[in-house]
Amino acid sequence: MRKINKSNINSHIPVDFMYNLPVIEFTGNRQVLVEGSTGVLQYESEIVRINTKAMVVAFYGRDLTLKCISSTGVIISGYITKTEFTT
Amino acid sequence: MLIKLIRWLRGYVVFTVKGRFPERFINLLNQRGILYWSFVPCKDGHKGSMSLYDYLHIRKIARHSHVRLRKQKAVGLPFFIKNNKKRKGIFIGGVCVLLIMAFLNQFIWVIEIDGTKRISDVQVLQALQESGLEIGTYKGNMDVDTIEKDTILRVPDIGWMSINAINNIAKVEIKEKSKSPKISKSQSPCNLKASCDGVITKTTVVNGNCLVKRGTAVVKNQLLVSSVVEDNNQNLAYVHSQGEILADVNEEKTFTVNLDNSYVLDKDYTEKSRLDFLRFSIPLEFSSSNNGEKLSVFKRYRMSVNGVALPLGKTLCRNYYCNNTEKLSEENGINILKKKIKLQECFEHSKDKIKSKKINFTQNNKKSTAVVSYVINKNIAQKQKLSVRS
């Protein structure tokens with residue numbers, strides 16, 4: 001059986017699709033959109049931890065609130081001071 | 001705003017979530033597609049809002065996620081009805097308001113006229129009233145086509161009109177007839193002569209031979225445009241001279257007021273107010289009437305809320321009685337003279353341009369006199385027919 005050359009595939013397929021990575025979009029440090037979330041793991045005013053397929057993303061800050069939640073995305077607003085990725 | 005209103009109509013609950021896994025509670029709500037809002041962390045837990053129907057169906061989710069729900073506040077129409085079940089007056093009042101609104105909605109509250117320039121709104125309103133449209137007209141009986149046709153017949157200057165009854169407002173759009181330009185039918189030869197002394201500022205000659213130019217000083221009866229014209233073949237011809245010759249003219253007018261005469265006083269009057277509701281008018285005061293001739297001035301006020309006119313209003317009638325007369329003071333005499341001057345300018349010089357004006361007031365022999373010196377820019381061309389003598 002012929003082996004698939006991964007490097008060729010990598011050049012054509014988007015990285016987020018290939019590795020199930022979340023798409024994170026920041027608006028300054030006031031708002032962040034996480035696309036590809038599978039659930040909320042921790043929700044406090046200082047820390048919000050979001051589960052995705054590939055990793056857990058944690059946002060640290062002040063007055064953090066979940067502005068909007070759907071089955072695949074989350075919008076967090078507040079003053080974000082730190083972001084942490086746990087794979 | 002609309003979302004808030006819908007939420008209030010449906011009723012919603014503000015609740016707190018306390019327990020071990022509030023995050024799981026959120027995830028389960030998302031999975032079930034249950035809508036919630038304003039979900040924020042607070043002291044010892046979280047706080048959020050949810051519709052009444054959904055709140056009654058999330059007990060199982062709360063149990064699964066080991067959280068305890070506490071209702072903090074219930075907001076909305078269902079709760080208001082529940083709390084005020086015994087107060088039947090509120091509901092009867094609400095129904096009455098709705099019925100009154102539905103009833104009043106069947107009538108015209110306001111008539112708005114748009115597009116009038118030469119025709120006065122009062123004239124149009126009067127014609128509309130005679131045709132069957134006025135404040136308080138029942139919308140069901142309103143035949144718009146007939147009213148439009150009748151009004152056009154009553155006011156000949158209206159070229160086209162349309163009446164749109166939107167809610168309680170009758171919007172009347174009018175296009176006036178355009179006036180046809182004056183064409184002189186007479187073709188008999190005539191000259192243009194100066195009607196008074198002046199200095200020419202502009203000449204516009206349509207027909208004839210212009211003999212003056214800008215800056216020329218002319219005297220009364222001087223020939224301005226001659227009717228004798230020479231064509232290319234050097235033949236002489238007589239034409240009907242037409243044109244406009246503008247000139248700066250000095251004019252002096254004298255106005256007098258006799259201070260001995262008696263005048264109607266402004267300060268002695270009686271007032272009566274009436275409450276207007278649609279086409280009905282209810283007197284609010286019953287003051288005794290003063291005998292004698294009187295001059296009545298009406299002022300109408302309309303109530304409006306946020307720019308929306310209501311069918312309620314007030315009419316103030318001020319009666320000035322002619323038997324309460326007084327001799328004029330010097331100051332009042334001057335005021336009357338000023339008014340006279342303004343009126344004269346409005347009517348006599350409406351088409352002319354007043355370049356400068358000087359007023360001299362004098363008082364002598366119980367008379368107040370004003371001498372006004374004007375410099376007016378006006379058309380001084382005056383037609384004069386040619387006469388043939390044998």
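**Close-up views of chains A and B**

**View 1. The contact of chain A with chain B.** In this predicted model, the contact draws 11 residues from chain A and 8 residues from chain B, two residues being in contact if their C-beta atoms, placed from the backbone, lie within 7 Å. On the side of chain A that touches chain B, β3 (37-43) and β5 (56-69) of chain A each supply at least two residues, and β3(A) gives the most, with 5 residues. That side of chain A has, by class, 5 nonpolar, 5 polar and 1 charged residues, where Ala, Val, Leu, Ile, Met, Phe, Trp, Tyr, Cys and Pro count as nonpolar, Asp, Glu, Lys and Arg as charged, and the others, Gly among them, as polar. Local features need pLDDT of at least 70 and side-chain atom pairs count only at pLDDT 80 or more, whereas totals for chains, interfaces and linings use all residues. Residues are numbered from 1 along each chain as its sequence is written, and chains are lettered from A and ligands numbered from 1 in the order in which they are written.

**View 2. Helices α7 and α8 of chain B.** The axes of α7 (residues 121-131) and α8 (residues 144-154) of chain B come within 9 Å and cross at roughly 130 degrees, the axes being lines fitted to C-alpha atoms, for helices over the stretch in contact, with angles from 0 to 180 degrees between N-to-C directions. That makes α7(B) oblique to α8(B), since angles under 35 degrees count as roughly parallel, over 145 as roughly antiparallel, 65 to 115 as roughly perpendicular and the rest as oblique. In α7(B), B:Ala127, B:Leu128, B:Glu130 and B:Ser131 meet B:Ile147, B:Asp150, B:Thr151 and B:Arg154 of α8(B). The residues of this contact divide into 3 nonpolar, 2 polar and 3 charged.

View 3. B:Asp44, in the loop between β2 (36-42) and β3 (45-51) of chain B, has a positive phi of about 60 degrees although it is not a glycine. B:Asp44 is exposed, with 7 other C-beta atoms within 10 Å; a residue is buried if 20 or more other C-beta atoms lie within 10 Å of its own, exposed if 12 or fewer, and partly exposed in between. B:His66, in the loop between α4 (59-64) and β4 (67-75) of chain B, is likewise not a glycine and has a positive phi of about 55 degrees. Helices (H or I, at least four residues) and strands (E, at least two) are DSSP runs, numbered from the N terminus.
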